[in-house]
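Please open your viewer and keep the selection tool handy, and we will go from stop to stop together.

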Amino acid sequence: SMNYVLSDGSANSGAVYSLGTTNSAERALGVIASGSNAANFGVELTNNLSAAIASVNISFTGEFWRSSTTTQNVLTFGYIVGPSGSATYLLDPATTFASLDVIGPLPVAANGPLDGNLPANQVAVGGTLNVSVPVGQSLYLRWQDVNDVGNDAALAIDNFKLDAVTIPEPATLALGGIALIGIVATRRRG
């Protein structure tokens with residue numbers, strides 16, 4: 001288990017971080033990997049809807065709170081569909097999806113803190129996972145960081161948004177084509 005630490009980007013030890021400017025309530029969730037610390041974080045989303053999920057649209061802001069040396073760091077996204085309640089999804093094999101990776105800034109000679117709230121230290125990230133999540137199953141989303149050569153970056157996510165698109169129920173499929181288009185377009189849950 002890793003520590004969960006508040007930082008403005010000045011900390012450089014391996015941990016999961018609440019990153020933001022000093023005394024600000026506006027925070028981003030991020031990590032720094034170091035030594036043997038594999039810094040990962042994620043979330044379990046259980047499908048408690050009345051229909052299977054056909055896809056999810058995900059968007060967020062990738063923020064850079066500390067620069068790296070030697071290697072451009074990447075916070076790698078992965079997902080798993082499976083039974084609810086997994087205690088090991090942060091480490092289990094997952095399907096990667098590069099569109100939702102956070103790719104850090106280019107390495108610099110001497111690393112240090114950055115202000116991840118500045119547009120120069122942000123990147124818009126988004127993509128659609130075409131993944132079937134049956135009712136009662138869970139979709140696990142996670143981001144992993146590895147200890148890169150040199151001093152590692154602090155990479156984070158903020159402003160996370162997910163929209164699930166459900167599969168129409170069989171009764172819906174019996175409707176005419178025009179009506180079906182209208183129903184499918186409104187079967188979204190945020």
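How many aromatic pairs does a search of the whole structure find? The search finds seven; rings of Phe, Tyr and Trp (its six-membered ring) pair if their centres lie within 6.5 Å, with planes under 30 degrees apart called stacked, over 60 edge-to-face and the rest tilted.

Before you click, two notes. This is a predicted model, in which local features need pLDDT of at least 70 and side-chain atom pairs count only at pLDDT 80 or more, while totals for chains, interfaces and linings use all residues. Residues are numbered from 1 along each chain as its sequence is written, and side-chain values use heavy atoms, with hydrogens and water left out.

**Stop 1: an aromatic pair**

Select F60 and F160. Their rings are stacked, 6.4 Å centre to centre with 20° between the planes. The pair joins distant parts of the chain, since F60 belongs to strand β5 and F160 to strand β11, 100 residues apart. (Strands are DSSP runs of E, at least two residues, and helices are runs of H or I, at least four; both are numbered from the N terminus.)

Is F60 buried or exposed? F60 is buried, at 4% relative accessible area, whereas F160 is partly exposed at 37%. Here buried means under 20% relative accessible area, exposed over 50% and partly exposed in between, using a 1.4 Å probe and protein chains only.

**Stop 2: the nonpolar cores**

Next, select V56, I58, F60, F77, L129, L141 and W143, the residues with the most contacts inside the largest nonpolar core, which has 27 residues. Such a core is a set of buried Ala, Val, Leu, Ile, Met, Phe, Trp, Tyr and Cys residues joined through side-chain atoms within 4.5 Å. Elements giving it two or more residues include β4 (39–46), β6 (74–82) and β10 (138–145). β5 gives the most, with five residues.

Zoom in on V56. Leaving aside neighbours within four places in sequence, its contacts (heavy atoms within 4.5 Å) include G127, L139 and L162.

For a second, separate core of eight residues, select A15, Y17, I32 and A154, which are among its members.

**Stop 3**

Most residues other than glycine have a negative phi. Select N23, in the loop between β2 (15–19) and β3 (28–32): its phi is positive, about 65°. N23 is exposed, with a relative accessible area of 81%.

Finish at N159 in strand β11, where phi is also positive, near 55°.
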